[in-house]
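Subject: Structure for your review

Dear colleague,

Please find below the sequence and structure that I am handing over to you. My findings follow directly after it.

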Amino acid sequence: MYKVTLIPGDGIGPEVSDAMVKVVKAAGVDIEWERVETGEAVMEEYGTPLPDYVIDSIKKNKIAIKGPITTPIGKGFRSVNVTLRQALDLYVNLRPIKSFKGIKSRYEDVDLVVVRENTEDLYAGIEHKIGDYGAESIKLITRPACERIVDFACNYVKENNRKKLTAIHKANIMKLSDGLFLEVSREVSEKHGIDFDDLIVDAAAMNLVLNPEKYDVMVMPNLYGDILSDLGAGLVGGLGIIPSANIGKDVAIFEAVHGSAPQIAGQNKANPTAIIQSAVMMLRHLGEQEKASKIESALEQVFLKGENLTVDLGGSASTTAFTDEVCKYL
């Protein structure tokens with residue numbers, strides 16, 4: 001039996017998390033879930049959206065999966081996601097972007113992976129006001145952080161039989177910070193002996209829309225990874241189906257990357273595919289390859305049949321009906 005920290009999240013988080021738990025159980029995986037609350041629900045009692053017991057649970061179990069958590073825009077508490085990544089040194093954000101047969105999209109056969117550095121860049125949160133005149137954010141790029149994220153990406157290419165690694169940067173303008181990232185990317189990929197090239201981030205955005213099939217594994221600093229992974233999600237059907245993993249030396253957190261959608265919370269309308277797919281990544285991380293593939297296959301059967309799809313996928317089924325359909329194929 002595995003013991004996994006379950007963070008349901010806010011908004012639709014509890015609904016999609018419950019759906020994921022049901023699917024994992026139907027696949028025959030024996031997991032003891034340690035459920036911990038975060039976000040807006042605990043703010044009044046603890047004065048923080050991320051109480052210490054959450055971090056303690058994750059450190060103890062080494063594996064966690066979470067639903068979406070609301071982050072206020074321009075005010076209020078800092079992103080729980082960013083805080084978790086920095087507190088637990090989860091330096092890798094891994095997002096596979098893959099087409100599913102049966103999901104309507106302008107593209108077919110997209111199969112690329114975004115490897116995003118997770119702990120620094122502008123997301124380090126080093127900011128200050130310049131009187132009433134303006135504000136300044138510091139873009140932090142360090143050699144050690146670059147080396148370990150590119151090393152992870154190179155190993156991912158080799159271990160998963162991928163073909164090529166592409167480093168994404170803006171070194172033509174930010175010659176010191178992004179220049180360092182590009183320099184390290186070239187050095188580390190050469191040591192690994194893998195096929196490597198690089199691309200300026202704005203050109204990458206255009207080329208991903210024009211010819212996404214040309215790209216394989218892409219490694220990049222934090223901000224570019226946040227933007228391009230969401231762009232990638234748009235190529236294959238949206239954030240509602242894309243999984244994500246935050247990986248460190250000792251701990252991994254798997255999560256749905258979409259928002260908490262409070263406007264439909266409690267209405268049994270949410271699509272749980274993203275967190276179910278994140279559970280697939282989690283099971284592969286745990287070595288449960290067969291069960292992970294089984295769930296992925298069941299999802300594909302539901303999409304191909306097209307009878308119990310949620311609203312965002314062009315159907316009218318409830319979260320419950322969609323989940324039950326997946327379990328039926330399991």
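Val4 has Trp33 of strand 2 as its bridge partner. This pair belongs to a predicted model, and the two strands concerned, strand 1 (residues 2-7) and strand 2, are joined in the parallel sense by 5 bridges. Together with helix 1 (residues 13-26), strand 1 and strand 2 form a right-handed β-α-β unit.

Strand 1 also pairs with strand 3, again in the parallel sense, through 3 bridges. Here Leu6 stands opposite Ile65 of strand 3.

An open sheet of 10 strands runs in the order 2-1-3-12-11-4-5-10-8-9, and its pairing is mixed. Its edges are strand 2 (31-35) and strand 9 (196-200), each of which pairs on one side only. From one strand to the next, the twist averages 25°.

An antiparallel example is found between strand 4 (residues 92-98) and strand 11 (residues 245-247), which are joined by 3 bridges. Within this pairing, Asn93 has Asn246 of strand 11 as its bridge partner.

Helix 5 (residues 143-159) lies across strand 4, strand 5, strand 8 (165-169), strand 10 (217-220) and strand 11. Relative to strand 5, helix 5 runs at about 160°.

Let us return to helix 1. At what angle do the axes of helix 1 and helix 9 cross? The axes of helix 1 and helix 9 (residues 273-285) cross at roughly 45° and come within 8 Å of each other. An angle under 35 degrees would count as roughly parallel, and one of 65 to 115 as roughly perpendicular; helix 1 and helix 9 are therefore oblique to each other. The crossing of helix 1 with helix 9 is right-handed.

Which residues make this contact? Helix 1 contributes Val16, Ser17, Met20, Val23 and Val24, while helix 9 contributes Ile275, Ile276 and Ala279. Sorted by class, the contact between helix 1 and helix 9 comprises 7 nonpolar residues and 1 polar residue, with no charged residues.

Yours sincerely,
A colleague

Key
Residues numbered from 1 in each chain as written. Predicted model: local features only at pLDDT ≥ 70, side-chain atom pairs only at ≥ 80, totals over all residues. Heavy atoms only, no water. Pairing = 2+ DSSP bridges. Helix = DSSP H or I, 4+ residues; strand = E, 2+ residues; numbered from the N terminus. Axes fitted to C-alpha atoms, helices over the stretch in contact; angles between N-to-C directions. Contact = heavy atoms within 4.5 Å. Right-handed = clockwise from strand over helix to strand, strands pointing away. Parallel < 35°, antiparallel > 145°, perpendicular 65-115°, else oblique. Left-handed = near helix turned anticlockwise from the far one by under 90°. Nonpolar A, V, L, I, M, F, W, Y, C, P; charged D, E, K, R; others polar.
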